[in-house]
Amino acid sequence: MPEEITTAPTPVPAPAPAGRTAARSLGIGCAVLVAVPLLLVLTFLGWLAVVTKDASDFPRVAPEERVDRTVDRSREAYDVLGFTRTIRPGVEQLGVSTENTIGTDHCYRGGLTDEFIGGAYRVSHSWALDHVTAEQAIPGMRRLRDHLEDTGWDVTTYRENVSGDLWDLFASRADGDERVSFQWFADREYFTGGASTPCAVDPDWRQGDDEPAGEELRAPDFGPSARANGS
């Protein structure tokens, strides 16, 4: 006959008195109701403290100086890429022609508001070259990736031959406040680059100025540095 296996029943604890159980449940419930909102409030206040900014968080720098710094970032990359053409200011047709433009934007307080900080601005520089062959672009992108890593940049994205015709490279530093980006479109032999610098406050800003500081500034002629030219 097969061996029969039996187990002893698990003892069931005696129920607590109804009043004590209710009180205990009420106590735990109240503690949870108090703790959760308090945690949310503390988290919210901590988040606001981190992301909400004002003018005192940024250096006071004239827009002309920020434009020079941003263009210098682009020029450094241009040298590493090995390009030698000089690009005149402006753009005739986005995504097709050469480009050399300056852009400015407000800097915002953050948190739960989209309010911009009076006098605070950010500068970006965009450039592009047409007729860039694979023999120029591919080794140039690889050199630039290595150069950025060697000079303290965090390469956040580097992709070769995405979807068969796109190469891209993105990097940042200064906690992400300074960024550079590069793309090469193999099918169009079109190369684009860009740089943006951290927010600053215009020393000449006056209450009532609603446009970003430096909006009237234009890009200078853009090309390789004198050093890259052997001068």
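Of the 34 residues in the largest nonpolar core, which touch the most other members? They are Phe-83, Trp-127, Leu-144, Leu-148, Phe-182 and Phe-191.

## Basis of the model

This is a predicted model: local features need pLDDT of at least 70, side-chain atom pairs count only at pLDDT 80 or more, and totals for chains, interfaces and linings use all residues. Residues are numbered from 1 along each chain as its sequence is written, and side-chain values use heavy atoms, with hydrogens and water left out.

## Nonpolar cores

A nonpolar core is a set of buried Ala, Val, Leu, Ile, Met, Phe, Trp, Tyr and Cys residues joined through side-chain atoms within 4.5 Å. Buried means under 20% relative accessible area, exposed over 50%, and partly exposed in between (1.4 Å probe, protein chains only). Helices (H or I, at least four residues) and strands (E, at least two) are DSSP runs, numbered from the N terminus.

H2 gives the most, with six residues.

Contact means heavy atoms within 4.5 Å. Leaving aside neighbours within four places in sequence, Phe-83 is in contact with Tyr-78, Trp-127, Leu-129, Val-132, Gln-136, Phe-191 and Pro-224.

## Aromatic pairs

Rings of Phe, Tyr and Trp (its six-membered ring) pair if their centres lie within 6.5 Å; planes under 30 degrees apart count as stacked, over 60 as edge-to-face and the rest as tilted. The count comes to eight aromatic pairs. Trp-127 and Phe-191 have ring centres 5.7 Å apart and planes at 15 degrees, so this pair is stacked. Trp-127 lies in strand E3 (residues 113-129) and Phe-191 in strand E7 (residues 190-196), so the pair ties together parts 64 residues apart in sequence. Trp-127 and Phe-191 are buried.

For Trp-167 and Trp-184 the centres are 6.4 Å apart and the planes at 65 degrees, so the pair is edge-to-face. Trp-167 belongs to strand E5 (residues 166-173) and Trp-184 to strand E6 (residues 178-185), so parts 17 residues apart in sequence are tied together. Both Trp-167 and Trp-184 are buried. Ring pairs also link Tyr-78, Phe-83, Trp-127, Phe-191 and Phe-222 into a cluster.

## Charges over rings

A charge sits over a ring if NZ of Lys or CZ of Arg is within 6 Å of the ring centre and within 35 degrees of the ring normal. Arg-145 lies over the face of Tyr-158, at 4.5 Å from the ring centre. Arg-188 lies over the face of Phe-185, at 4.4 Å from the ring centre.

## Helix H3

The expected span of a helix is 1.5 Å times one less than its number of residues. The 17 residues of H3 should span 24 Å, and its end C-alpha atoms are 24 Å apart, which agrees.

Ala-137, Gly-140, Met-141, Leu-144 and Leu-148 are the buried residues of H3. They cover an arc of only 105 degrees around the axis, so they are on the same side of H3. The arc is that of the directions from the helix axis to the C-beta atoms. Glu-135 and Asp-150 are exposed on the other side of H3. The cover over the buried residues includes H2, strand E4 (154-162), E5, E6 and E7. Just after H3, Gly-152 takes a positive phi of about 95 degrees.

## Ser-225

Ser-225 lies in the segment after strand E8 (200-201). At 14% relative accessibility, Ser-225 counts as buried. Not counting residues up to four places away in sequence, Ser-225 touches Arg-75 and Asp-79.
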